[in-house]
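The sequence and the structure come first.

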Amino acid sequence: MSRHNDPFTQDIDWLTLVLYLGCVTLGWLNVYAAVYSPEDHTSLFDMTTNAGKQIMWIGTTVILIICILVVNHKFFDSFAYLFYAFMILMLLLVLVAGANIKGSHSWFKFGSFQIQPAEFAKMATALALAKYMDNPGINLTKQKDLMYIGGIIILPCILILASNETGSTLVFSSFAIMLYREGLPGWIPAVGISAAALFVLALIFPKLYIFIGIVALLLIVIALMPRYNRTTSNLISMGIVGAVMMVFVTGVDFFVNNILQKHQRNRIKVLVDPTIDPLGVGWNVTQAKIAIGSGRLQGKGFLEGTQTKFDFVPEQSTDFIFCTIGEEHGFVGSAIVIALFVGLLWRIIILAEKQRSKFARVYGYCVAGIIFFHVMVNVGMTIGLMPVIGIPLPFFSYGGSSLWSFSILLFIFLKLDSRRTALSRWN
C-alpha cells in the first residue's frame, strides 16, 4: 500500500469495533424485546415494528461507516468549521420548518422518516472545538481563548434549547471533560460541581441548614489554613464566596418555580421525592425501578419481561431501554452492558492519549465525554438517580438519528486513529 494512501480497514482499532458491534447487536435484541408481543409473535425483521426498523437503520449506518473510512482523514480537519456552520443552519431551520413531536420542535419529518439535527450538532461541535484548539498558542488560561471556545459550545446550546430540547442541551456540558484534559483551570469545573451540589441540596434541605453548613465549612477551612495565609484579603474573599453561595441557594426556589417549565419542575420534584404522585408525574420512574428490580440477579429471561409486555414503562424501546435489560437479564445482564460501555470509554481514552495530533486527541476526548454523559444520565434516570431528561442510551435506544449520530461520532475518531496506526506501522 502506498505511504500516501489512507488505509481502509487495516489500521482500524478492532477492539473498539468489537465493543461497538456488541453494543449495537445487544441494542437491537433489546429493542425487539421491548416491542415484542406474545400474541403477534412478530419476527426480528418485521418492518412494522421498531425492531425491524432498527435493522434498517443499522444497515444504513454500515453505509455511513464505510463512507467515513473511505475518505481521507484530512477531510474532517479541513471541513470541521463547515460541518459546524451547516449544523447551526439546520438548528435554525428546524425552529421554523421542524415538526412538533411530544412538545419538542426539534425534528425534521419526511413522511414516516424523522431526523433530529440536535443529535448531529454534538459531533459538529466536537469537530469545531478540535479544529480551534489545534491552533498553535491556544491556552485555556487565557480569557480570549475561553470566550471563543465558550461561544462554539453555547451557540448550538441556545438553538437546541429554543426548540425545547433540554436534554440534548445538557449533553454539551460533557465537553468540560475534554477542556479539563487540555488545561482548563481546575477552579472552573470545581465551581460547576459545587453549584450543582448546592442546587440539589437546596431542593432537599431547609435553607437555614444549608447556610449553617456553609458557615461551618468556611470556618473549618480557615482553621486549617496556615497562619501566614489568614490575611485580611483572603478572609474577605472567603466571606464573599460564602455570601455568593448563600445567594445562589436562595435563588434556587425562584429558578425552579418561575424559570423552569412545568414538566421540568415535575421531573425535579420526582428526583427529590420519587413517591410524589406515583400515578402521575412519578409514573415513569416508579415503573422503571419496578421493572429493573423485578429482574433480580439473572433476570426473567429474554422476551419474558412482564413490565414490558403490558406496557407499564413508557418509551421502553427508546429512553427507557435499560429497563428491558434490567428486567429480562437482571443484575448480571445490566453489569455486562455497563462493562461494555466502560470498556468502550476506556479504549477511546487510551487511543486519544496516543494521538500524534492535538486535533485527534481533543476530538477523541469529546467523543468519550459525550458517550459518558449519555450513559450516566440515561442509566441514572431509569434507577431514580438522575432527572428524566429524555436522552437515548448510545447504540441501544431505538432511533435512526441516535444510531447515526453516535456511529458517525465514533467512527470519525477511529478514522483519525487509523492514520496514527498506519504511520506507526510505516515507521
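## Salt bridges

A salt bridge is a side-chain nitrogen of Lys or Arg within 4 Å of a carboxyl oxygen of Asp or Glu. The model is a predicted one, in which local features need pLDDT of at least 70 and side-chain atom pairs count only at pLDDT 80 or more, while totals for chains, interfaces and linings use all residues. Residues are numbered from 1 along each chain as its sequence is written, and side-chain values use heavy atoms, with hydrogens and water left out. By the salt-bridge rule the count is 8. One of them joins the side chains of Asp77 and Lys131, at 2.8 Å from N to O. The two partners are 54 residues apart, with Asp77 in helix H3 (residues 74–78) and Lys131 in helix H5 (residues 117–133). Helices here are DSSP runs of H or I with at least four residues; strands are runs of E with at least two, and the elements are numbered from the N terminus. Asp77 is partly exposed at 22% relative accessible area, and Lys131 is partly exposed at 23%. In these terms buried means under 20% relative accessible area, exposed means over 50%, and partly exposed lies in between (1.4 Å probe, protein chains only).

Glu327 and Lys300 form another salt bridge, with their closest N and O atoms 2.9 Å apart. Glu327 belongs to helix H15 and Lys300 to the loop between H13 and H14, so this pair ties together parts that are 27 residues apart in sequence. Glu327 is buried at 0% relative accessibility, whereas Lys300 is partly exposed at 31%.

## The network around Arg361

Salt bridges with shared partners join Arg181, Glu182, Glu353 and Arg361 into one network. Within it, the side chains of Glu182 and Arg181 meet at 4.0 Å, N to O. Glu182 counts as buried at 15% relative accessibility, and Arg181 as partly exposed at 30%.

Arg361 lies in helix H16 (residues 358–382) and is buried, with a relative accessible area of 17%. Leaving aside neighbours within four places in sequence, Arg361 is in contact (heavy atoms within 4.5 Å) with Arg181, Glu182, Ala352 and Gln355.

## Aromatic pairs

Rings of Phe, Tyr and Trp (its six-membered ring) pair if their centres lie within 6.5 Å; planes under 30 degrees apart are stacked, over 60 edge-to-face, and the rest tilted. The count comes to 12 aromatic pairs. The ring centres of Phe75 and Phe76 are 5.5 Å apart and the planes stand at 85°, so this pair is edge-to-face. Phe75 is partly exposed at 32%, while Phe76 is buried at 4%.

Phe199 and Phe255 are also an edge-to-face pair, with 6.1 Å from centre to centre and 80° between the planes. Phe199 is in helix H9 (residues 187–204) and Phe255 in helix H11 (residues 232–259), so the pair ties together parts 56 residues apart in sequence. Phe255 is partly exposed, with a relative accessible area of 35%. Elsewhere, Tyr20, Phe395, Phe406 and Phe411 form one aromatic cluster.

## Nonpolar cores

A nonpolar core is a set of buried Ala, Val, Leu, Ile, Met, Phe, Trp, Tyr and Cys residues joined through side-chain atoms within 4.5 Å. In soluble globular proteins, nonpolar side chains tend to be buried together. The largest core here has 107 residues, of which Phe341, Tyr363, Ile371, Phe395, Leu410, Phe411 and Ile412 touch the most other members. H16 gives the most to this core, with 15 residues. Not counting residues up to four places away in sequence, Ile412 touches Ile68, Phe76, Met123, Leu127 and Tyr363.

Helix H12 (residues 262–272) has Gln264, Asn266, Ile268 and Val270 among its buried residues. The buried residues of H12 pack against helix H7 (166–171), H9 and helix H13 (283–294).

Gln316, in the loop between helix H14 (306–309) and helix H15 (321–354), is buried at 6% relative accessibility. The C-alpha atoms of Gln316 and Ala34 are separated by 6.0 Å, although the two residues are 282 residues apart along the chain.
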